[in-house]
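User: Hi! I am new to this structure and would like to learn how to read its features one at a time. Could you walk me through them?

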Amino acid sequence: MQLIPRIQESHDVMTAWRRDIHAHPELGFQEQRTAELVAEKLGAFGIEVHRGVGRTGVVGVLRVGNSHRSIGLRADMDALPILEANRFDHRSRHDGRMHACGHDGHTTMLLGAAQYLAETRGFDGTINFIFQPAEEGLGGADAMIKDGLFERFPCDAVFGMHNRPGLPVGKFSIRTGAMMAGGAYFDVAITGKGAHGARPESGIDPVLVAAHVTTALQSIVARNVKPTDTAVVSVTQIHGGDAYNVIPQQAVLRGTARAFGRETLSMIEQNIGRIAAGVAAGFGATAALDFRVLFAPLVNDATEAEFIADTAAELVGDANVNRNGGVVMASEDFSFMLEKKPGAYIQIGNGDGEGACEVHNPSYDFNDAVLPLGASLFARLAEKKLARMAG
Ligand SMILES: [Zn+2]
Ligand SMILES: [Zn+2]
């Protein structure tokens with residue numbers, strides 16, 4: 001591995017940062033301590049600090065030279081509502097909160113790169129270090145964007161990274177185009193007419209309608225989504241009624257939809273609405289749909305995906321960078337930034353041994369062996385994108 005020597009030297013320091021963050025996990029939009037730690041370190045490195053971008057987000061700005069070129073490097077800071085099962089010293093100090101997705105590691109890798117870049121200043125342009133809150137389904141990236149992220153901190157391109165358990169340390173995986181699914185949550189409220197359970201003829205049963213709607217929705221993936229495309233429509237909740245002898249007035253269906261393109265997601269939305277309304281109307285009931293896109297599909301720009309893969313290959317060798325990694329049905333909030341700016345998102349191996357415990361598992365831990373590699377990648381991305389022009 002061709003790590004940046006100066007970053008390699010701070011491996012112990014980064015490990016201490018990472019374990020400190022791991023021990024003090026904070027949920028989305030509550031990252032007060034983490035944001036303060038990040039801001040304090042960036043300030044100490046001599047980097048301009050902007051707090052409170054998208055509520056608890058932090059942006060560090062490092063300008064060198066007079067070129068107008070710019071890059072955004074992004075890490076996430078939030079933890080999950082999980083009771084940690086690990087017993088090691090740096091386990092969570094807060095029962096029911098845990099860094100089970102490795103965002104402690106992502107934050108640390110970006111801090112490591114920031115320290116190195118602030119010390120060495122081997123580039124010409126502006127680096128924006130973006131520490132986003134609330135990646136886990138609460139809309140932190142969107143909050144930063146709506147708070148003027150890219151107007152206040154212009155970026156020619158943005159890059160993000162996520163650890164991947166099961167992929168050996170020293171390996172990367174990426175693909176061009178759609179890599180992770182976009183995801184939506186939906187509610188279908190079905191209104192019928194309440195009646196005595198023994199007198200169905202005087203009511204309109206929304207529970208029966210809900211059952212028919214649930215079945216009919218399965219036709220969307222089977223019949224409306226292109227067979228070469230991929231999507232999921234899952235009804236995960238059906239609520240209706242409180243008594244054995246009462247036909248309720250209302251029933252509610254809830255679920256999630258996933259797809260790799262915005263068009264497919266809106267097609268699914270339209271079809272859920274039409275099918276629910278049509279089926280309900282057939283029974284004399286009505287249906288109202290609330291469909292909320294929580295994650296955009298994550299789509300890597302072809303040029304920038306090649307750029308990040310080439311940069312990773314310089315560190316670990318081309319054989320250790322899988323440029324045709326598989327698509328992932330899970331979602332990632334960085335997708336909203338990639339809808340605004342060209343860029344790419346890469347997976348970094350968290351190890352296939354002990355570190356192979358899946359993310360979101362109570363026994364997961366970020367693998368500290370990965371820290372210098374991820375920090376080196378972030379640093380090299382900036383140095384290459386903003387390379388000093390000869391002469
Ligand atoms: Zn996660
Ligand atoms: Zn994550």
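User: Which residues coordinate the zinc ion (ligand 2)?

Analyst: Keep in mind that this is a predicted model. Here the zinc ion (ligand 2) is held by Cys101 through SG, and by His103 and His162 through NE2, at 2.1 to 2.3 Å. Along the chain these donors follow the spacing C-x1-H-x58-H. The two histidines link distant parts of the chain: His103 belongs to helix 4 and His162 to strand 5 (residues 158–164), 59 residues apart. Both His103 and His162 are buried.

User: What does Cys101 bridge?

Analyst: Cys101 bridges the zinc ion (ligand 2) and the zinc ion (ligand 1), and these two ions lie 3.1 Å apart. Cys101 sits in the loop between strand 3 (70–76) and helix 4 (103–120), while Glu136 sits in the loop between strand 4 (125–132) and helix 5 (140–146), so this pair ties together parts that are 35 residues apart in sequence.

User: Are Cys101 and Glu136 buried or partly exposed?

Analyst: The cut-off you need is that buried means under 20% relative accessible area. Cys101 has 7%, so Cys101 is buried. Glu136 has 22% relative accessibility, so Glu136 counts as partly exposed.

User: Let's turn to aromatic rings. How many aromatic pairs does the structure hold?

Analyst: There are four aromatic pairs. In general, a pair of aromatic rings is described by the distance of the centres and the angle of the planes. One of the pairs is Phe186 and Phe291, which is stacked, with 6.5 Å centre to centre and 5° between the planes. Phe186 lies in strand 8 (residues 182–191) and Phe291 in strand 13 (residues 286–295), so the pair ties together parts that are 105 residues apart in sequence. Both Phe186 and Phe291 are buried.

User: Why is the pair of Phe334 and Tyr345 tilted?

Analyst: Their planes are at 35°, with the ring centres 5.8 Å apart, so the pair is tilted. Phe334 is in the loop between strand 15 (321–322) and helix 10 (335–340), and Tyr345 is in strand 16 (residues 343–349), eleven residues apart. Phe334 is buried at 0% relative accessibility, and Tyr345 is buried at 1%.

User: Which charged end sits over the ring of Phe29, and which over the ring of Phe307?

Analyst: The charged end of Arg55 sits over the ring of Phe29, 3.9 Å from its centre. For Phe307, the charged end is that of Lys385, 4.3 Å from the ring centre.

User: One last residue, please. Where is Phe131 found, and which residues is Phe131 in contact with?

Analyst: Phe131 is found in strand 4 and counts as buried, at 0% relative accessibility. Setting aside neighbours within four places in sequence, its contacts include Val38, Leu42, Ala75, Leu110 and Met144. Phe131 and Val38 are 93 residues apart in sequence, yet 8.1 Å apart in space, C-alpha to C-alpha.

Conventions
Residues are numbered from 1 along each chain as its sequence is written. Chains are lettered from A and ligands numbered from 1 in the order in which they are written. This is a predicted model: local features need pLDDT of at least 70, side-chain atom pairs count only at pLDDT 80 or more; totals for chains, interfaces and linings use all residues. Side-chain values use heavy atoms; hydrogens and water are left out. Donors are N, O and S atoms within 2.8 Å of the metal (3.2 Å for Na, K and Ca); water is not among the atoms, so sites may look incomplete. Helices (H or I, at least four residues) and strands (E, at least two) are DSSP runs, numbered from the N terminus. Buried means under 20% relative accessible area, exposed over 50%, partly exposed in between (1.4 Å probe, protein chains only). Contact means heavy atoms within 4.5 Å. Rings of Phe, Tyr and Trp (its six-membered ring) pair if their centres lie within 6.5 Å; planes under 30 degrees apart count as stacked, over 60 as edge-to-face and the rest as tilted. A charge sits over a ring if NZ of Lys or CZ of Arg is within 6 Å of the ring centre and within 35 degrees of the ring normal.
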